[in-house]
Amino acid sequence: MPSGFPMLAESAVGQFSGKPYEPELDLNLPADSSNQLPELGDASQTVLSARDEEKIANQILKQVATSEDVFDDAEVTDYLQALGKRLGASSPDKQQKFYFFVLQERSINAFAMPGGVIGVHTGLFTSSNSESELASVLGHEIGHVTQHHLARMLASQKYDMFKNIAATALALLVMRSNPQAGMGAMTAASAAGIQRQIDYTREHEREADRVGLTILQDAGFDVRAMPAFFNTLQRATRFSDGNMPSYLRTHPMTSERIADMGNRVQNLPYKQVNENPAFSLMRAKIRAFEGGPTQMIEEFKNNLEEGRFQNEQSEHYGLAYAYLRANQAKNAQQEVQWLEQHGMVNPYLVTLKALTLAKLGLVAEAEKQFVQGLQKYPQHRMLAQGEAELLIRSNQWPQAVTFIQKQLSMFPEDPKLYDWLAAAYQGQGKQMLRHQALGESYVRKYDLPRAIDQFDIASKARDGDFYLQSKVEARLKALRLQQARDKDDDKS
């Protein structure tokens, strides 16, 4: 997992709700009776209610919050969330929530799980030639969620125990990121059953393709990106020495699917799509962490020397992060200067420059970059995280508390900021406030038992005033009630 000072990659998992989907499903798509999709209120709802799916999603996100396999970078995560939100606004299920995260895995893959949890491998970023290609895969996965494909498969398997279903979903997450570990965690029989359940049927794939294509069109992306990505997968298969890409193993590809999507987009009008520059920057940043630092430095340098790149600025941006990984901050600074001289102006460059200054030991200048960057880009979460960490590491406890409390009004669901707030209170010797902050962090990591433990410790610290004591005790009571309701739900 990427690491460094003050921080090269931090993130928190967020959420959003799909907005109402007003147009008909087949917007401008060729008429075809096979476009008809099943009603959402199908047999799957007898196995997984909306509440069940939400609880499963929370269990999965708890694992995501602590997984070493998750690419822990606020900029990459927030970019993916924004892209997913744009697609989710065109989802056919206006009540569905979606949660996106990135797994540090070089294989080409993405997957959807109950409750709208969608995981994306870093290899999908690096293999996508455009933002529309990446969006086409996300739209496809959203289609799996809105059509409740996994729940329908579980219904056909006649699973009738919530805990079994939750365990299935969690095992699915393990197997996606590390198949060997996932298989080793289960008996051979149950592992085989899990594998069968995550291999979508051809019918499910066709449904997800058609829903995804409509979402892609409605969200303003290039619909031709979907068959283009199919071609990318075909090429990956051709050069893989018989090893099928992960995406094809769990999303079976057929010539009929490829032809279907090709036919559907052929007669659609061409639309010029303005590429979001953040896509190529985040793609380059992910590449910078793929191999060893020296290896990635050479790769970026060779690409620049030989002109093998889609975007020159992004290649220099990725090279700068590779240099930071290798503790070559002066070389990274040269790349930052090149980017500034060639007109890059965005929050990603501000973050990169601040991190580079911190690596050089120029703490005051780095802090100035973070503060000025937040004034210009107040919604860029990694700037807030960077400044918080810088203040903590330089033992500026009162300044850190004031700064983080202000940022929490902008990013109230970021557990990392609560972790830094707890560290600041610890530096001041304020134990009640420290454990209160840790408790709020665990709430946002979907870990209710540990959150309750921290609030219980806080309630006994006795170094706060009456108002704080009352606030902590009220929060503890509310969390315990929530835990009791969850247990009652499990029993019923």
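A residue is counted as buried when its relative accessible area is under 20%. In the predicted model examined here, Phe-125 has a relative accessibility of 0% and therefore counts as buried. Tyr-79, at 5% relative accessibility, likewise counts as buried. The rings of Tyr-79 and Phe-125 form a tilted aromatic pair, with a centre-to-centre distance of 6.3 Å and an angle of 55 degrees between the planes. Because Tyr-79 belongs to helix H2 and Phe-125 to helix H3 (residues 122–127), the pair ties together parts that are 46 residues apart in sequence.

The structure holds six aromatic pairs. Another of these involves Tyr-317 and Tyr-321, whose ring centres lie 5.3 Å apart with the planes at 70 degrees, so this pair is edge-to-face. Both tyrosines are located in helix H15 (residues 312–325), where a separation of four residues corresponds to about one turn of the helix. Tyr-317 and Tyr-321 are both buried.

The crossing of H2 past H19 is right-handed. On the H2 side, the contact is made by Ala-74, Glu-75, Thr-77 and Asp-78, and on the H19 side by Arg-381, Met-382 and Gln-385. Classified by residue type, the contact of H2 with H19 comprises three charged, two polar and two nonpolar residues.

Methods
Residues are numbered from 1 along each chain as its sequence is written. This is a predicted model: local features need pLDDT of at least 70, side-chain atom pairs count only at pLDDT 80 or more; totals for chains, interfaces and linings use all residues. Side-chain values use heavy atoms; hydrogens and water are left out. A crossing is left-handed if the near helix is turned anticlockwise from the far one by less than a right angle, and right-handed if clockwise. Helices (H or I, at least four residues) and strands (E, at least two) are DSSP runs, numbered from the N terminus. Contact means heavy atoms within 4.5 Å. Ala, Val, Leu, Ile, Met, Phe, Trp, Tyr, Cys and Pro count as nonpolar, Asp, Glu, Lys and Arg as charged, and the others, Gly among them, as polar. Rings of Phe, Tyr and Trp (its six-membered ring) pair if their centres lie within 6.5 Å; planes under 30 degrees apart count as stacked, over 60 as edge-to-face and the rest as tilted. Buried means under 20% relative accessible area, exposed over 50%, partly exposed in between (1.4 Å probe, protein chains only).
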